[in-house]
Every structure is written in C-alpha cells, then in structure tokens.
Amino acid sequence: MALYTNGIYRAAGNQYNGGIVQSNYSLVNGIVSGSGSYWHASQFDTPITPCSTSNKVLILVSLGSVSGESNTQGFQVRRNGSEIDAMRAASNGSRPRLTFRGARNWSNDSNHTEGAHIILLDSPGTTSTVTYRLYAKGESNSTVYINRTQNNTNGSDSYQGNTCSSMTVFEISD
C-alpha cells in the first residue's frame, strides 16, 4: 500500500511545504527464522523511491515477538544491504553495532517472548529506489525466530500464539 501527496494544506487552505510525501509497508504475518551472523530477513524488505535528494525517510520496524535458541537477538536495519552508521550504535570496543535488540523474558524459557520496535530517520540523499532491510543475529550466531516462540508449542494460551510484524517507511519532505 502506498500513500502519495503533492503537498500538505493547513485548514486555512495555505500549503505547508513539509510532510509525508509517500509511504510503503511490508506486513510479515508468517514465521521467520534463520541463524548465523546477520542473516537477511528478506520478508521485511521495503523499497521507496525518494522524490528529492534532500528528503528523509522515516523507518518504523515492529516485531510482534522475538525468540531464539539463546537469550538475546540483535537486529540491524540497513539501506540496500549496507550498514549505515546513523542507523546503528556507535562503535565501542568489540561490541556488535546493533540498531536494536530483543530478548526472551528470562534465561532458559523457550515459551515466552517479547516484541521489539524501533523508529529511525535516514537521509538517503538520492532519488533512486532504496530498500530498507532487516538483518538478525542470535547470541553466538544461534537461531532467531520472529513471530513465534522458540518452543512453538500448540495450545490456547496467549503465550502460544503467533504474531505479525511489519516495516513501514515514509518519505518526509523538508
């Protein structure tokens, strides 16, 4: 689904030059999993073609539930597959430079999960199509699950339910 506009107008009728120019949205309602160092969760790929090189892109990532074979899962949001310093933590020793991370509620619990969310602002500086992508990395490169628990047992309790996740991008004009 995309939203486009040629301008934002105040109630009095005069045009305001800043605002949302367009948007794009990727819904991920299936189970996503992978392992290794920063594997690409391609289901989240969300392209947008900026209208101006001076426009920004607002990125919203919402993961309904995150779990894995270890306690912590790390994520990076990348532009066209490239790490962007403005969209990850500052360098600090040998620590991973993540955009955000998720975790199980407590150690060795494979039934419970938490959601993970981030809002970012990027300056792509181009009018060519850019695709925002999600990369995941489990603790010690273990398996990461999105939209399900590690245990994934069937049942009627809320902790056994699967979830949906999404990535939304908005082009923002000056």
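In this predicted model, I59 touches V77, M87, I118, I119, L120, D122, Y132, M167, T168 and V169, leaving aside residues up to four places away in sequence; contact here means heavy atoms within 4.5 Å. Residues are numbered from 1 along each chain as its sequence is written, and side-chain values use heavy atoms, without hydrogens or water. As the model is predicted, local features need pLDDT of at least 70 and side-chain atom pairs count only at pLDDT 80 or more, while totals for chains, interfaces and linings use all residues.

I59 is also among the residues with the most contacts inside the largest nonpolar core, together with L63, Y132 and L134. This core has 27 residues (buried Ala, Val, Leu, Ile, Met, Phe, Trp, Tyr and Cys joined through side-chain atoms within 4.5 Å; buried means under 20% relative accessible area with a 1.4 Å probe, protein chains only). Strand β7 gives the most to it, with 5 residues.

We turn next to the aromatic rings. The structure holds 1 aromatic pair (ring centres within 6.5 Å; planes under 30 degrees apart count as stacked). The rings of F75 and F100 are stacked, because their centres are 5.2 Å apart and their planes lie at 25 degrees. F75 belongs to strand β8 and F100 to strand β9, 25 residues apart (strands are DSSP runs of E, at least two residues, numbered from the N terminus). F75 counts as buried because its relative accessibility is 0%, and F100 is likewise buried, at 8%.

Methods:
Buried means under 20% relative accessible area, exposed over 50%, partly exposed in between (1.4 Å probe, protein chains only). Helices (H or I, at least four residues) and strands (E, at least two) are DSSP runs, numbered from the N terminus. Rings of Phe, Tyr and Trp (its six-membered ring) pair if their centres lie within 6.5 Å; planes under 30 degrees apart count as stacked, over 60 as edge-to-face and the rest as tilted.
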